[in-house]
Amino acid sequence: LVHRISDVTKPRYVRVNTLKIDVESAVLELGKQTMKDSLLPDLLVLPPATDLHDHPLVLDGSIFLQGKASSMVAAALNPDPDWLVLDACSAPGNKTVHLAALMKDRGRIIACELDKKRVDRLKETIRLSGATSVQALHGDFLSVNPNDPPYSEVRAILLDPSCSGSGTSAERLDHLLPSHSPGHATNGSESGRLNKLAAFQKKALAHALSFPSVEKIVYSTCSVHQIENEDVVSSVLPQAASHGFRLASPLPEWPRRGLPSFAGSENLIRTDPAEDKEGFFIALFVRERKSKSKRC
Ligand code: SAM
């Protein structure tokens, strides 16, 4: 019941694909009930339950039915338009093509995806977006050698790995119960699954930190569990510091930040399943670029 209620009370967000249409024109075409989001300039808000699946702007890739929290991820990374960017776990590609739009289809994006079937969906998303700067790569991010060209030149990584999905799935029914704490795992098999996911997430984040030219890494999940979020971030902090990274505070006007599990967790972003109708997590690592002369 809560799931159905949240679906009808949740505003319909649409992300404007600025490679195909400007925000003002999209507002005009979508009609007078359309409002601009207060945080993200390319995000529009429509009344709950607005059905846009067959809308011409959706069918031609001018707008994407992408939620607010999901749209905050590429915005948090905010890469320079001319950078080489790696989207490490990319299908179906919503955040990939958002990056392409933010980069004005300049630079280059390599979108890596392990699952062959999902690579096909990724390619379809890229085609629909009209982006020409994105190259789909069927492969395992963990097998990408950071020191091989072109990866040695990657300046930003978006890491949105497989997660429990507990912030967006029906499972959030549990998390809306007042007695439930976000870090709480419900039973043995659930906690085993979360441990496995967290082990992969830590490995992938540690791998991202090892790319020699990377200046920004965003790590995101659609999970509410601390074990997939704050705990993953805190586990790599010593390695991050040894590579010169620090946690930055993206979208500082966003009020909901990380759970207070370590010093610096206030830099992290959380969205809340009750307040925001979906639970997401975003962390941003940055480092100053080493000058060429300092590189060995
Ligand atoms: N960022 C995507 C978007 O916004 O559309 C969603 C990504 S989804 C949460 C995670 C993806 O990572 C899945 O498609 C999964 O198949 C892929 N994946 C899992 N392990 C991977 C690996 N080792 N290398 C590359 N992709 C992987």
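The legends below describe close-up views of a predicted model. Residues are numbered from 1 along each chain as its sequence is written. In this predicted model, local features need pLDDT of at least 70 and side-chain atom pairs count only at pLDDT 80 or more, whereas totals for chains, interfaces and linings use all residues.

**View 1. Packing of helices α5 and α6.** Helix α5 (residues 94-102) and helix α6 (residues 116-129), both DSSP runs of H or I with at least four residues, pack with their axes 9 Å apart and at an angle of about 30 degrees. The two helices are therefore roughly parallel to each other, a term for angles under 35 degrees. Asn-94, Thr-96, Val-97 and Ala-100 of α5 meet Thr-125, Ile-126 and Ser-129 of α6, where contact requires C-beta atoms, placed from the backbone, within 7 Å.

View 2. The bond from Ala-91 to Pro-92 is cis, with omega near 5 degrees, and Pro-92 is found in the loop between β5 (84-87) and α5. The bond from Pro-149 to Pro-150 is also cis, with omega near 0 degrees, and Pro-150 has its place in the loop between β7 (134-138) and β8 (156-159); strands are DSSP runs of E with at least two residues.

**View 3. Lys-104, a non-glycine residue with positive phi.** Phi of Lys-104 is about 55 degrees, and the residue lies in the loop between α5 and β6 (108-113). Lys-104 counts as exposed because it has 12 C-beta neighbours inside 10 Å, the cut-off for exposed being 12 or fewer other C-beta atoms within 10 Å.

Note on methods
Axes are lines fitted to C-alpha atoms, for helices over the stretch in contact, and angles run from 0 to 180 degrees between N-to-C directions. Angles under 35 degrees count as roughly parallel, over 145 as roughly antiparallel, 65 to 115 as roughly perpendicular and the rest as oblique. Two residues are in contact if their C-beta atoms, placed from the backbone, lie within 7 Å. A residue is buried if 20 or more other C-beta atoms lie within 10 Å of its own, exposed if 12 or fewer, and partly exposed in between; C-beta atoms are placed from the backbone.
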